[in-house]
Amino acid sequence: MPKFAANLTMLFAEFPELDRYEAAAEAGFEAVEILFPYETPAPETQRALLRNGLSLELINCPPPNYTGGDRGFAAVPGLEGRFQRDFRRTLRYADMLRARIVHIMAGAASGGDARATFVDNLKWACDFAPKQQLTIEPINDVDMPGYFLNNFDLAAEILDEVNAPNLALQFDTYHAHKIHGDVLDCWAKHKSRVRHIQIGGLPDRNEPVKSKHFDYPAFFEMLDDSGYTGAVSAEYNPAKRTEQGLGWLG
Ligand SMILES: O=C(O)[C@@H](O)C(=O)CO
Ligand SMILES: [Mg+2]
């Protein structure tokens, strides 16, 4: 089986943030991710990770929590200064929490200027933090209207243009399904660029179980055979309490 991680922004949300780490460890996870850890002092998150023997796979840039607000600034012309400040702050958290990956969010924008801004900001970030693994994630524009990076082919072009060893693709099966329909086809086309996977049930983003839309057990087997060594993070809305829906873990 792949190395599964629990996304603590969506899983174990029955508990206060710092208690989710213990809940994830008790459920058998050895790794977690949290999209926006910025409202909790980093030393407290660090202690929760250590106490529960968990590694941190990923955090998002920008801080802080964007509930109801912006979806990043990396592709927003004119906000390069804001992007750089955010990125520096994210890196301080990433260093302290030893986050394996930082996902850089593009933000709401469109057109050629946005694309050029995104490429320039990504090049700057890759140079500024050569030892930090970075990703970009295509996100469907029903869930995030106006989000710049809204398809995988565009992400592939951007990755080619930036051409940095520490920048790769974050492949979320839920978004792949909503954007392109056929997840396996999208995977086959882009797998060589993928450094992080997120999963959610199709089509409703609940537990990642086998459905007429997707065969998760077969996908996990295929990942094992493919030599993929990254994490597969459970990023979904549990239909009931989180623990009651973890049968898919095997
Ligand atoms: O898929 C998602 O929604 C997330 O991975 C994310 O980073 C958006 O905040
Ligand atoms: Mg995702």
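Modeller: A residue counts as buried if 20 or more other C-beta atoms lie within 10 Å of its own. Please keep in mind that this is a predicted model.

Colleague: Is Ala24 buried or exposed, then?

Modeller: Ala24 is buried, because 25 other C-beta atoms lie within 10 Å.

Colleague: Where does Ala24 lie?

Modeller: Ala24 is part of helix H1, which covers residues 20-26.

Colleague: And which residues is Ala24 in contact with, leaving aside its neighbours within four places in sequence?

Modeller: Those residues are Ala6, Leu8, Phe12, Phe29, Val32 and Leu54. As for Met10, its C-alpha is 12 Å from that of Ala24, and the two are 14 residues apart in sequence.

Colleague: Changing topic: at what angle do H3 and H4 pack?

Modeller: Helix H3 (residues 80-97) and helix H4 (residues 111-128) pack at about 35°, and their axes are 11 Å apart. The crossing of H3 past H4 is right-handed.

Colleague: Which residues make that contact?

Modeller: H3 contributes Glu80, Phe83, Gln84 and Phe87, while H4 contributes Thr117, Asn121, Trp124 and Ala125. By class, four are nonpolar, three polar and one charged.

Colleague: How many helices and strands are in the chain?

Modeller: The chain has eight helices and eight strands. Its radius of gyration is 17 Å, close to the 18 Å that the globule rule gives for 250 residues, so the chain is as compact as a globular protein of that length.

Colleague: What percentage of the residues count as buried?

Modeller: Of the 250 residues, 44% count as buried.

Technical notes: Residues numbered from 1 in each chain as written. Chains lettered and ligands numbered in written order. Predicted model: local features only at pLDDT ≥ 70, side-chain atom pairs only at ≥ 80, totals over all residues. Axes fitted to C-alpha atoms, helices over the stretch in contact; angles between N-to-C directions. Helix = DSSP H or I, 4+ residues; strand = E, 2+ residues; numbered from the N terminus. Left-handed = near helix turned anticlockwise from the far one by under 90°. Contact = placed C-beta atoms within 7 Å. Nonpolar A, V, L, I, M, F, W, Y, C, P; charged D, E, K, R; others polar. Buried ≥ 20, exposed ≤ 12 C-beta atoms within 10 Å, placed from the backbone. Rg over C-alpha atoms; globule rule 2.2 N^0.38 Å.
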